[in-house]
Amino acid sequence: MLPEMPGRIGRYEIDRRIGAGGMALTYRCRLEGLGGFSKKVVIKVLHPEHFGDETYVQMFLDEARLSARLHHGNVAQVFEVGDDHGVPYMVMEFVNGPNLASVSRRIGPFGERPYGLIAHMLSSVARGLDHAHKLEGDDGRKLGIVHRDVSLGNIVLSR
């Protein structure tokens with residue numbers, strides 16, 4: 001966990017940091033509630049070096065607004081957008097599993113390649129991207145969404 005982040009983001013308790021990119025950091029968090037309710041989520045927060053930079057804040061909020069419109073089995077849901085002491089964050093679905101980068105590292109350059117499984121995974125990624133590319137606004141016009149960071153680290157495989 002970065003020293004700048006407290007033990008909580010909004011009403012969510014931080015479990016651990018799970019990723020860092022150029023614009024944002026991601027944390028696995030937990031929401032607890034009445035009667036032993038507990039829900040794991042992923043929270044994406046604007047990177048500390050961009051705090052107060054209105055351009056980055058606006059890009060982050062634009063991403064959150066567009067992502068919240070996506071409803072597809074191969075795309076993580078966005079549940080909420082908030083602000084904690086001036087730090088914008090978005091609450092996303094927690095997908096329990098490794099990302100494709102870690103799986104690729106474990107297989108290594110000489111490991112067995114399960115080509116049927118690889119084809120299935122890539123077709124799932126393509127279906128999620130297709131959904132995003134075809135998404136329409138309230139007026140029926142395509143929004144023109146293009147995912148700019150389709151990478152092995154951003155593809156999470158559910159268990």
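Me: Hi! Is Asp138 buried or exposed?
Reply: Asp138 is exposed, with a relative accessible area of 77%. Exposed means over 50% relative accessible area, buried means under 20%, and partly exposed is in between (1.4 Å probe, protein chains only). Bear in mind that this is a predicted model, where local features need pLDDT of at least 70, side-chain atom pairs count only at pLDDT 80 or more, and totals for chains, interfaces and linings use all residues. Residues are numbered from 1 along each chain as its sequence is written, and side-chain values use heavy atoms, with hydrogens and water left out.

Me: Thanks! Which side chain meets Asp138 in a salt bridge?
Reply: That would be Arg69, at 3.2 Å from N to O. A salt bridge here is a side-chain nitrogen of Lys or Arg within 4 Å of a carboxyl oxygen of Asp or Glu. Because Arg69 lies in the loop between H1 and S5 while Asp138 is in the segment after helix H3 (115-134), the pair ties together parts that are 69 residues apart in sequence. Arg69 counts as partly exposed, at 31% relative accessibility.

Me: How are helices and strands assigned, by the way?
Reply: They are DSSP runs, numbered from the N terminus: helices are H or I with at least four residues, and strands are E with at least two.

Me: And how many salt bridges does the count come to?
Reply: Nine, by this rule. Among them, Lys134 and Asp130 meet at 3.3 Å, N to O. Those two are four residues apart in helix H3, so about one helical turn separates them. Lys134 is partly exposed at 48% relative accessible area, and Asp130 is partly exposed at 35%.

Me: What about Asp139, which partner does it have?
Reply: Asp139 forms a salt bridge with Arg141, the closest N and O atoms being 3.0 Å apart. Both Asp139 and Arg141 are exposed. There is also a network in which salt bridges that share partners join Glu13, Arg30 and Glu32.

Me: Switching topic: where is Asp84 found?
Reply: Asp84 sits in strand S5 (residues 78-84). Asp84 is buried yet has no salt bridge, and the nearest side chain of opposite charge, Arg8, is 7.6 Å away. For charge, Lys and Arg count as positive and Asp and Glu as negative, while His and the chain ends are not counted.

Me: So what does the Asp84 side chain reach?
Reply: The backbone nitrogen of Gly10, at 2.8 Å. If you leave aside neighbours within four places in sequence, Asp84 is in contact (heavy atoms within 4.5 Å) with Arg8, Ile9, Gly10 and Tyr89.

Me: What's the strand order in the sheet?
Reply: It is an open sheet of six strands in the order S1-S2-S3-S4-S6-S5, with antiparallel pairing. Strand S1 (8-9) and S5 are the edge strands, each pairing on one side only. Two strands pair if DSSP finds at least two bridges between them. S5 and strand S6 (residues 87-93) run antiparallel and are joined by six bridges. Val78 has Met92 as its bridge partner in S6.

Me: Last one: which residues of helix H2 are buried?
Reply: In H2 (residues 100-107), the buried residues are Leu100, Ala101, Ser102 and Val103. Their cover includes H3. At the start of H2, a side-chain oxygen of Asn99 reaches to within 3.1 Å of the backbone nitrogen of Ala101. Just after H2, Gly108 takes a positive phi of about 75°.

Note on methods
A polar contact is a pair of N or O atoms within 3.5 Å; within protein, one must be able to donate a hydrogen and the other to accept it, and residues adjacent in sequence count only if both atoms are side-chain atoms.
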